[in-house]
Amino acid sequence: MFNLDRLTRANIRVLKPYSSARDEFSGQAAVFLDANENPFNTPCNRYPDPLQRAIKQQIAGIRHVRPDQIFLGNGSDEPIDLIFRAFCEPGIDNVVAMEPTYGMYSVAAGINDIVYRKVLLNDDFSLDADRLLRTVDRNTKAVFLCSPNNPTGNPIQEQAIEKIVNRFEGLVVLDEAYNDFSDQPSWLSRLDKTPNLIVLQTFSKAWGLAGIRLGMAFASPEIIALLTKIKYPYNVNVLTQRAVLEALQHRDRVEEWIRTLRSERERMASIWPKIPCIEKIFPSEANFILIRTADPQALYDYLTARGIIVRNRNSVAMCQGCLRLTIGTPAENDTLTEALRTYSSDTSSLK
């Protein structure tokens, strides 16, 4: 049975959180003399809302959750780090994650002195849930899953996630950073029935706001309260909050971006297999496509020399020979495609 109190580190259970001036008062007033702020409007002289109430209220309506099920952080990396700090005892506990996947899970584990156990995906990048579950033990506090996965682009099969959520007694962290580009439904609708589930989403991808660094974690109110308890008091700055509130008023524009990027992804998926230098493209439901080529470093250098920057994933487990190509604008995709064709022609002539 899932027991949040047992999972939580003893020092976190008894921790008395810092109380900021804006925690103790929220609302309207004519004169604020409680937080030692400069009274002259810059207009960034006031501390931001430490609980980001206005943003959470709007996200709750969009994602069909309650405000008390939402944590907002400095990118998704902040809630990832806080999960380790709240639940994993350094030098004792461990977490389990699929491999390959997003690299920050491993980095956060290393920073917090937590053993990070990797479970290789199948050859088609699907997840063997039984093999993963055999890797957990009594000191495993969390399992990290990413769907659609980065850098492979494929969604993790629903049955595998469901088996892990139902059988594992610790936390299941499901990173849905790319879910807006996928046909797979979000797991947010299952929060109330899965108390051990934490869903991560972000404003960096579909919302086009990578530069402001705002990540979302959705979970039970009890888990959210623990993350809130140990976060820095003003972790989301006022400029970020203003930018997100503005973006939330333009959901139609975001939906148009998503449609365009999905369409471009499918267009590239039909064109790129015909280019000789591309040996294989992997199915993707993200805003990128993983390709395999004979000499990834040579192709990477060729593109870089022409001002086209992609991601070399050759050193990542199971991604030998692979580059990750983000889907750009139609014009950017055409520029990349032409460069790939030219590279193929140039290398062919040298043989």
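**Leu51 and beyond**

Author: Leu51 sits in the loop between α3 and α4, where helices (H or I, at least four residues) and strands (E, at least two) are DSSP runs, numbered from the N terminus. The model is a predicted one, in which local features need pLDDT of at least 70 and side-chain atom pairs count only at pLDDT 80 or more, while totals for chains, interfaces and linings use all residues. Residues are numbered from 1 along each chain as its sequence is written, and side-chain values use heavy atoms, with hydrogens and water left out.

Reader: What does Leu51 touch, not counting residues up to four places away in sequence?

Author: Leu51 touches Asp23, Lys56 and Thr228, a contact being heavy atoms within 4.5 Å. Its relative accessible area is 25%, so Leu51 is partly exposed; buried means under 20%, exposed over 50%, and partly exposed in between, with a 1.4 Å probe and protein chains only.

Reader: And how far is Leu51 from Tyr178, C-alpha to C-alpha?

Author: These two C-alpha atoms are separated by 25 Å, and the residues are 127 apart along the chain.

Reader: Let us turn to Ser20. Which loop holds Ser20, and is Ser20 buried or exposed?

Author: Ser20 belongs to the loop between α2 (10-14) and α3 (21-24). With a relative accessible area of 1%, Ser20 is buried. Leaving aside neighbours within four places in sequence, Ser20 is in contact with Pro50, Pro233 and Tyr234.

Reader: What about the whole protein: how many helices and strands are there?

Author: The protein has 13 helices and 11 strands. Its radius of gyration is 22 Å, close to the 20 Å that the globule rule gives for 351 residues, so the protein is as compact as a globular protein of that length. The radius is taken over C-alpha atoms, and the rule is 2.2 Å times the number of residues to the power 0.38. Along the principal axes, the C-alpha trace spans about 75 × 50 × 30 Å.

Reader: What share of the residues counts as buried?

Author: Of the 351 residues, 51% count as buried. Among contacts with a separation of 6 or more, 69% come from residues 24 or more positions apart.

Reader: Which helix is mostly covered?

Author: Helix α5 (residues 77-87) is mostly covered, with 9 of its 11 residues buried. The buried residues of α5 include Ile80, Leu82, Ile83, Phe84 and Phe87, and Glu78 and Asp81 are also among them.

Reader: Where is Glu222, then?

Author: Glu222 lies in helix α9 (residues 221-230) and is partly exposed, with a relative accessible area of 49%. Glu222 and Gln69 are 153 residues apart in sequence, and their C-alpha atoms are 8.5 Å apart in space.

Reader: Which residues other than glycine have a positive phi?

Author: Asn36 has a positive phi of about 55°, and phi of Asp113 is near 60°. Most residues other than glycine have a negative phi, and most peptide bonds are trans. Asn36 is in the loop between α3 and α4 (53-63) and counts as exposed at 79% relative accessibility. Asp113 is in the loop between α6 and β3 (115-120) and counts as partly exposed at 48%.

Reader: Last topic, the cysteines. How many disulfides are there?

Author: The count comes to 0 disulfides, a disulfide being a pair of cysteine sulfur atoms within 2.5 Å. For Cys277, the nearest cysteine sulfur is that of Cys322, 13 Å away. For Cys322, the nearest is that of Cys319, 5.1 Å away.

Reader: Are Cys277 and Cys322 buried or exposed?

Author: Cys277 is buried, with a relative accessible area of 8%, and Cys322 also counts as buried, at 0%.
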